[in-house]
Amino acid sequence: MQSRVSVILLALYTFLFLCGVDLFFWHEECGANTGKYKVVTKHTSLVFNSREDMVLFNNAIDYEPNTSLSDFFSSSNSLDQEKELIRKVDLLFEKVQAILDMRKRMRKVRVRLFSNSDQLKRAYRKIFGKKCHIRGWYVYDFNTVFLNVRDVHEGMLAHELGHAIIDHYLTVRPPRATAEILAKYVDKHLFDEVKTY
Ligand SMILES: [Zn+2]
């Protein structure tokens, strides 16, 4: 029985391979799953190369909508930094949902954070087969945002998470131009009060 299952799986894999479908390895190759340090939040899964990169990313994301006095005495302990980052990313994610008025349960968005722009550019070339001229992007097929911890800010993260939310909210994904207009609106209005219509 077990060998029959193996044969079926092998046949299926061979068929997909012959059709040029090799998404699993492609995904691994471009580094979406191969990070060394992972932080799981309510809405996202953040994949870093190291704990140091997590601290850099935490410092780069300036998002404290309800800052209390105790927040001014930020800790240098990396465990506290991780907790702070989790809180910020989830608050930011929910703010993006509120701005777009697109609140729907969805799979956690994977955020792959590279250590430098060379790594980011290499990943871009592997995925798209051309030179990278952008600082971050989102791939629907992998449900993954790609960013560089040394060149990122809260607006960029909000923009890319916006793409993930927009692409998953509607039954049919909107045209790329429409999605881009909405994502740009998100990062421009990240700190504004949410409008109700
Ligand atoms: Zn965009």
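## Where helices H6 and H7 meet

In this predicted model, Gly155, Ala158, His159, Gly162, His163, Ile166 and Asp167 of H6 are in contact with Ala179, Leu182, Ala183, Lys184, Val186 and Asp187 of H7, a contact being a pair of residues whose C-beta atoms, placed from the backbone, lie within 7 Å. Sorted by class, the residues of this contact are 6 nonpolar, 4 polar and 3 charged, where Ala, Val, Leu, Ile, Met, Phe, Trp, Tyr, Cys and Pro count as nonpolar, Asp, Glu, Lys and Arg as charged, and the others, Gly among them, as polar.

The axes of H6 and H7 cross at roughly 140° and come within 8 Å, which makes H6 oblique to H7. Axes here are lines fitted to C-alpha atoms, for helices over the stretch in contact, with angles running from 0 to 180 degrees between N-to-C directions; angles under 35 degrees count as roughly parallel, over 145 as roughly antiparallel, 65 to 115 as roughly perpendicular and the rest as oblique. The crossing of H6 and H7 is right-handed, a term used if the near helix is turned clockwise from the far one by less than a right angle, with left-handed used if the turn is anticlockwise.

## The chain and its confidence

Residues are numbered from 1 along each chain as its sequence is written. Because the model is predicted, local features need pLDDT of at least 70 and side-chain atom pairs count only at pLDDT 80 or more, whereas totals for chains, interfaces and linings use all residues.

The protein chain has 7 helices and 5 strands, in the order α-α-β-β-α-α-β-α-β-β-α-α from the N terminus; helices (H or I, at least four residues) and strands (E, at least two) are DSSP runs, numbered from the N terminus. Of its 197 residues, 28% count as buried, meaning that 20 or more other C-beta atoms lie within 10 Å of the residue's own, while 12 or fewer make a residue exposed and values in between partly exposed, with C-beta atoms placed from the backbone.

The mean pLDDT, the predictor's confidence in each residue on a scale from 0 to 100, is 85 for the protein chain, and 76% of the residues score at least 70.

## Helix H4 and its two partners

Helix H4 (residues 78-100) packs against helix H6 (residues 154-169) at an angle of about 60°, with the axes 9 Å apart, which makes H4 oblique to H6. Leu92, Phe93, Val96, Gln97 and Leu100 of H4 make the contact with Glu154, Leu157, Ala158, Leu161, Gly162, Ile165 and Ile166 of H6, and these residues divide into 9 nonpolar, 2 polar and 1 charged. The crossing of H4 and H6 is right-handed.

Helix H3 (residues 51-60) also meets H4, their axes coming within 10 Å and crossing at roughly 50°, so that H3 is oblique to H4. H3 passes H4 in a left-handed crossing.

## The residue Tyr197

Tyr197 lies in the segment after helix H7 (176-188) and counts as exposed because it has 3 C-beta neighbours inside 10 Å. Tyr197 and Asp101 are 96 residues apart in sequence, with their C-alpha atoms 9.5 Å apart in space.

Definitions and conventions:
Two residues are in contact if their C-beta atoms, placed from the backbone, lie within 7 Å.
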